[in-house]
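Please read it with the sequence and structure in view.

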Amino acid sequence: MSSRPNCMQCEHYFVTHDPTKPHGCRMLRFKSARIPAVLVYTTSGMECQLFSRKKKASGSGGGRGGLTA
């Protein structure tokens with residue numbers, strides 16, 4: 001059995017401003033209270049087939065958007 005994709009590492013995942021549905025998937029076009037990959041698995045019985053790992057940002061900045069302290 002393969003491991004479930006980590007939505008937070010997927011380029012389609014986003015955090016919503018809706019406190020009752022904080023997780024979203026741009027590719028599947030939904031918001032949910034549950035992590036999208038979990039919802040996909042429980043409703044279809046299949047792991048998410050649309051997972052696409054985020055590309056690493058180029059340049060320096062150490063993950064702070066180029067800001068320095």
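Predicted model: local features only at pLDDT ≥ 70, side-chain atom pairs only at ≥ 80, totals over all residues.

## Model and fold

Helices (H or I, at least four residues) and strands (E, at least two) are DSSP runs, numbered from the N terminus.

Residues are numbered from 1 along each chain as its sequence is written, and side-chain values use heavy atoms, with hydrogens and water left out.

## Burial, area and contacts

Buried means under 20% relative accessible area, exposed over 50%, and partly exposed in between (1.4 Å probe, protein chains only). The protein chain holds 69 residues, and 23% of them count as buried. Accessible areas come from the Shrake-Rupley method with a 1.4 Å probe; for residues, only the protein chains shown count as cover. The protein chain exposes about 5500 Å². Carbon and sulfur atoms supply 55% of that area.

A contact means heavy atoms within 4.5 Å. Among contacts with a separation of 6 or more, 36% join residues 24 or more positions apart.

## Salt bridges

Side chains of opposite charge can pair when their charged atoms come close. The rule here asks for a side-chain nitrogen of Lys or Arg within 4 Å of a carboxyl oxygen of Asp or Glu. It gives two salt bridges.

Arg4 and Glu47 form a salt bridge through their side chains, at 3.3 Å from N to O. This pair links distant parts of the chain, 43 residues apart: Arg4 lies in the segment before strand 1 (13-15), and Glu47 in the segment after helix 1 (36-44). Arg4 is partly exposed, because its relative accessible area is 35%. Glu47 has 13% relative accessibility, so Glu47 counts as buried.

Glu11 and Lys55 also meet in a salt bridge, at 3.2 Å from N to O. This pair too links distant parts of the chain, 44 residues apart, with Glu11 in the segment before strand 1 and Lys55 in the segment after helix 1. Glu11 is partly exposed, because its relative accessibility is 34%. Lys55 has a relative accessible area of 67%, so Lys55 is exposed.

## Cavity

Rolling a probe the size of a water molecule over the atoms shows where empty space is left. On a 1 Å grid over the protein atoms alone, a cavity is a set of points where a 1.4 Å probe fits but cannot get out; lining residues have an atom within 4 Å of a point. Grid points are joined across faces, edges and corners, and a volume is the space filled by probe spheres set on the points.

One cavity of 30 Å³ or more is found. The largest cavity has a volume of about 90 Å³. It is lined by 14 residues; Cys7, Cys10, Cys25, Pro36 and Cys48 are the closest to its centre. Strand 2 and helix 1 each supply at least two lining residues. Helix 1 gives the largest share, three residues.

## Surface and loops

Patches are made of residues with over 30% relative accessible area and no salt bridge: like charges are joined within 9 Å, nonpolar side chains (Val, Leu, Ile, Met, Phe, Trp, Tyr) within 5 Å. Met27, Leu28 and Leu50 form a nonpolar surface patch, with about 230 Å² of accessible area together. Leu28 sits in the loop between strand 2 (23-25) and strand 3 (30-32). Leu28 is partly exposed, because its relative accessibility is 36%.

Thr20 is in the loop between strand 1 and strand 2. Thr20 has a relative accessible area of 56%, so Thr20 is exposed.

Key
1 Å grid on protein atoms, 1.4 Å probe; cavity = no way out; pocket = protein on both sides within 12 Å on 5 of 7 lines; lining within 4 Å.
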